[in-house]
Amino acid sequence: MKILITGATGLIGGELVKLLLEKNHTVNYLTTSKSKIKDKLNYKGFFWNPQEGKIDDRCIYDVEVIIHLAGANIAQRWTNEYKQEIIESRTLSSELIFNLVKKVPNQVKQIISASGTAIYPESFSKVYDETEIESEDSFLSNVVKKWEESVDTFNTLGIKVCKLRTGIVLSNKGGALPEMVKPIKLGVGAAMGSGKQIQSWIHINDLVAMYNFAIEKQLNGVYNAVSPNPITNQVLTKAIAKNLKKPLWLPNVPEFVMKLALGEMSYLLFSSKNLSSKKILDTGFQFQFSTIENAIEDLYA
Ligand SMILES: NC(=O)c1ccc[n+]([C@@H]2O[C@H](COP(=O)([O-])OP(=O)(O)OC[C@H]3O[C@@H](n4cnc5c(N)ncnc54)[C@H](OP(=O)(O)O)[C@@H]3O)[C@@H](O)[C@H]2O)c1
């Protein structure tokens, strides 16, 4: 099957491409960097610039599934200008592909998009599932709403829309985990704030397996892409320290310190999202890494 991926050069995209090529799929991908374009038999890059409405029409030829991962990284200081980029890199990019699919004859039957857990209300105890209609009023929650709305438009073309509301992706190659590991390795790690905030996480191998599963089962609708065992920030910090055989002796880092250092982006460290993975489990998906100990052990053995 030919699959078009946006954001294929990122943390999740890189691992997903590897898996899809192993499964003998052909991958087309869209990139905003001409230097990242490769032209192999089963892995072919095409240039686009969503901000300027530029896209190479040839990217869609013979494509049956679109996977939409592109988006400006949220772990950079949230200036007003950058906030606009965080939103537009997700929404304008969806719109650009939508218009292409509308314009050019094609065989697209499904789009699978990354989405975020920020859409859910803050919770330390109540577990939220995909039926939840309450949402949080925060910058990131609004990003997720606009992002999902932009992808939902594909429904009007008779294309299945699957959205994977992704928790903190655990990888040793990038994202949040190496940032947590660094201070702990240096012996100066500590939990954040009360440490009681719940972190719904997923091992990167499980996440890319879930994308592949969504293709194979032609999933439609929204799914939480989180492991069955969310944990507190304190437990996560302790699990990393234990695995690295490093002591945790410092007091927790006060929230106001991180707010001063990171500004509004400190939201990422202190928000508490307690999410259910029941819906994806009920489809028959099996996690390889269900507990944080197994996930950390695998990534930092
Ligand atoms: N990692 C996580 O923990 C996590 C959790 C929840 C949701 N997600 C979401 O999942 C998606 C993929 O995550 P990731 O960790 O793989 O992200 P990533 O490593 O930052 O990669 C994202 C890719 O998006 C493209 N991109 C960056 N800025 C762009 C812009 N202004 N316009 C268009 N494309 C742009 C880049 O590809 P090119 O340079 O090739 O254009 C980049 O490789 C993101 O949308 C992210 O928000 C990630």
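The largest nonpolar core of this predicted model holds 73 residues, and those touching the most other members are I5, I60, I66, I67, I112, F154 and Y211. Apart from this core lies another one, made up of 18 residues, among them L177, V181, I240 and F289. In soluble globular proteins, nonpolar side chains tend to be buried together.

- Eight strands form an open sheet with mixed pairing, and their order is 4-3-2-1-5-6-7-11.
- Strand 4 (54-55) and strand 11 stand at the edges with a single partner strand each, so one side of each lacks a neighbour in the sheet.
- The pairing between strand 7 (residues 160-166) and strand 11 is parallel and runs over 5 bridges.
- Within strand 11, G221 is the bridge partner of C162, while N224 is the residue that stands opposite R165.

**A nonpolar patch on the surface**
- L186, V188, W249 and L250 together form a nonpolar surface patch with about 440 Å² of accessible area.
- W249, one of the residues in this patch, is found in the loop between helix 6 (233-244) and helix 7 (255-262).
- W249 counts as exposed because its relative accessibility is 58%, where the cut-off for exposed is over 50%.

Terms used. Residues numbered from 1 in each chain as written. Predicted model: local features only at pLDDT ≥ 70, side-chain atom pairs only at ≥ 80, totals over all residues. Heavy atoms only, no water. Core = buried A, V, L, I, M, F, W, Y, C linked by side-chain atoms within 4.5 Å. Buried < 20%, exposed > 50% of the residue type's maximum accessible area, 1.4 Å probe, protein only. Pairing = 2+ DSSP bridges. Helix = DSSP H or I, 4+ residues; strand = E, 2+ residues; numbered from the N terminus. Patch = residues over 30% accessible without salt bridge, like charges linked within 9 Å, V, L, I, M, F, W, Y side chains within 5 Å. Areas by Shrake-Rupley, 256 points an atom, 1.4 Å probe, with all protein chains shown as cover. Salt bridge = Lys/Arg side-chain N within 4 Å of Asp/Glu carboxyl O.
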